[in-house]
Amino acid sequence: MTAPLMVSPDLDLDLEAIIGQCVAILGIRGSGKSNTAGVLFEELLKHSYPLSIVDIDGEYFGLKERFEVLVVGTGDGVEIEIDAGSAEEVARISMERNIPVVLDLSGHLAEERSELLQEYLGALWRLAGSLRRPYIIGIEEAHEFIPQGVRSELKDLVSRIALRGRKRGLGAIIVSQRSAKVDKDVLSQAGLLFLHRVVHEADMRVYGELLPWKKAEVKEIVSALETGDCIFVDHETIVPLHVRERETFHAGFTPTLETVVTPALRQVSQAIIEAIERSKGKRGRRSKVQLLEQRVHELEEVLSERQRQITELEDVARTLGYIRVEVPRTAREEALAPVAAREERADTAGGSQWAAAPVEAPSAAILEPPVIDVGGQRERILPPAVHRHIERLVGRVSRGALLHRRLLAFLVAHAPSTYSVEQIAAWTHCPPGVLENDPPREFLEMGMISTERRGGKPHYRSTLKAFAMREFEIFEPDIGGTELHLITSQLRDRLLEAAST
Ligand SMILES: Nc1ncnc2c1ncn2[C@@H]1O[C@H](COP(=O)(O)OP(=O)(O)O)[C@@H](O)[C@H]1O
Ligand SMILES: [Mg+2]
């Protein structure tokens, strides 16, 4: 399998040297890590070296421009949407038939990513045990999966692949912008290192342990590295070099003013796609159309129940003078309505069935969010990848049921207070029974809201802040507390909008 890999004119690297290796590519955002990883993948694909790429930000589908790569997952460029259920089948197809796979997890939430990865990597590990062929797995944002000092099943699995995959022919290319957060054992055992620029003291210390130089030298040399430059380490060999630019389309590149045209992409054989679709069916999964048909049916039932209850409530309203029968305001207007109006309603509701549970008054501070310079300011502070992830999350929320979106908007606007279904129903102009029969599962599962029973009745509250912390953690250290605050507030605004569209 001897063949040179054209990574840089200054580097003499052979395909043979990659088999079963753990390759680490480190550096801050924008230092050229994904480009380096992309170049390695291109070189491996040129030699039909079988591989999988765990792609967190939808950066690698451009490889299809030149190579037969199967892109699965949930991102924008995927050919087949898969979840944890079909992960094993895809792993099998990839390893047994030598089909390179990009596992695009950009549309997944952090928790779903872990579940799918565990299934997928577990299957690759088992298959490699019996097949014992060269295979390599690329993992972006590796600190998320092999964090220093934290144990998890997924971490055990990824570490096992990186540290003990060699005997099975299994290698790993781990990419991370947080060198200090990546498991030390994995880094110290990595056979090949591409060390791009870092600036943070903690990362510099990690480089100090990986390079046999004095601390001051490490700092001087590493700080001077430009985009695409790195220090390559292969056991005793240490070479500073500039990695060539990717030949295929780099979707995650830093945007410039030039318009980007997504290239025509090559299609993996239809037979393989069909095989994966069939595997979904075997596991009792239903097609998207069937799922949508069922959802339409459910919604029709909800609607007719709602109609019935509206009539009932109109009677109640007339008697109690509680609900004014009028065209409902949009959720956004509702959310931003003055506190006084709500308190007035809560007062009026006293003693009625809607006030059965204790009410926590909405906080005025939440209703009047701190004035943040919108538009340009945010654009400048938040990295593009963060914007892309916000868009994905909003897209996902807008696919939720309208009623649930309005509930979500109400809770988000009144965070962190907890409300009973009756209170939410009254304030979102929805008959209470409907929410009890049709709980907002999609948003509970996403972790944007949480539920608990009080006095036998479901209550809900927004967990948007914790959700944002979880979802955007991978972007640290590019983002800190201020950015997280901006993200949460931007998400909040977008969710309020999503409730009325
Ligand atoms: N070796 C290189 N030659 C030319 N351009 C590069 C090189 N490495 C990176 N770039 C460009 O720099 C930008 C950031 O690179 P990227 O690989 O996405 O960085 P990272 O993954 O470290 O955040 C991209 O626009 C990329 O095209
Ligand atoms: Mg990158």
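Is His235 buried or exposed? In this predicted model, His235 is exposed, with a relative accessible area of 56%.

His235 sits in the loop between β11 (229–234) and β12 (237–242). Its phi is near 50°, a positive value in a residue other than glycine.

Ser48 also has a phi near 50°, likewise positive in a residue other than glycine. The loop that holds Ser48 runs between α1 (33–46) and β4 (51–55). With a relative accessible area of 48%, Ser48 is partly exposed, because the exposed class requires over 50%.

## Cis peptide bond

Ala415 and Pro416 are joined by a cis peptide bond, with omega at about 5°. Pro416 belongs to the loop between α15 (402–413) and β13 (418–420).

## Packing of α14 and α19

Two packed helices are described by the angle between their axes and the distance between the axes. For helix α14 (residues 384–398) and helix α19 (residues 464–472), the angle is about 130° and the axes are 12 Å apart. The two helices, α14 and α19, are therefore oblique to each other. Their crossing is right-handed.

On the α14 side, the contact involves Val386, His389, Ile390 and Leu393; these meet Phe467, Glu471 and Phe472 of α19. By class, the contact of α14 with α19 has five nonpolar residues, one polar and one charged.

## Cysteines

The disulfide count is zero, taking a pair of cysteine sulfur atoms within 2.5 Å as the criterion. Cys230 is buried, at 1% relative accessible area. Cys430 also counts as buried, at 2% relative accessibility.

Conventions
Residues numbered from 1 in each chain as written. Chains lettered and ligands numbered in written order. Predicted model: local features only at pLDDT ≥ 70, side-chain atom pairs only at ≥ 80, totals over all residues. Heavy atoms only, no water. Axes fitted to C-alpha atoms, helices over the stretch in contact; angles between N-to-C directions. Helix = DSSP H or I, 4+ residues; strand = E, 2+ residues; numbered from the N terminus. Parallel < 35°, antiparallel > 145°, perpendicular 65-115°, else oblique. Left-handed = near helix turned anticlockwise from the far one by under 90°. Contact = heavy atoms within 4.5 Å. Nonpolar A, V, L, I, M, F, W, Y, C, P; charged D, E, K, R; others polar. Buried < 20%, exposed > 50% of the residue type's maximum accessible area, 1.4 Å probe, protein only.
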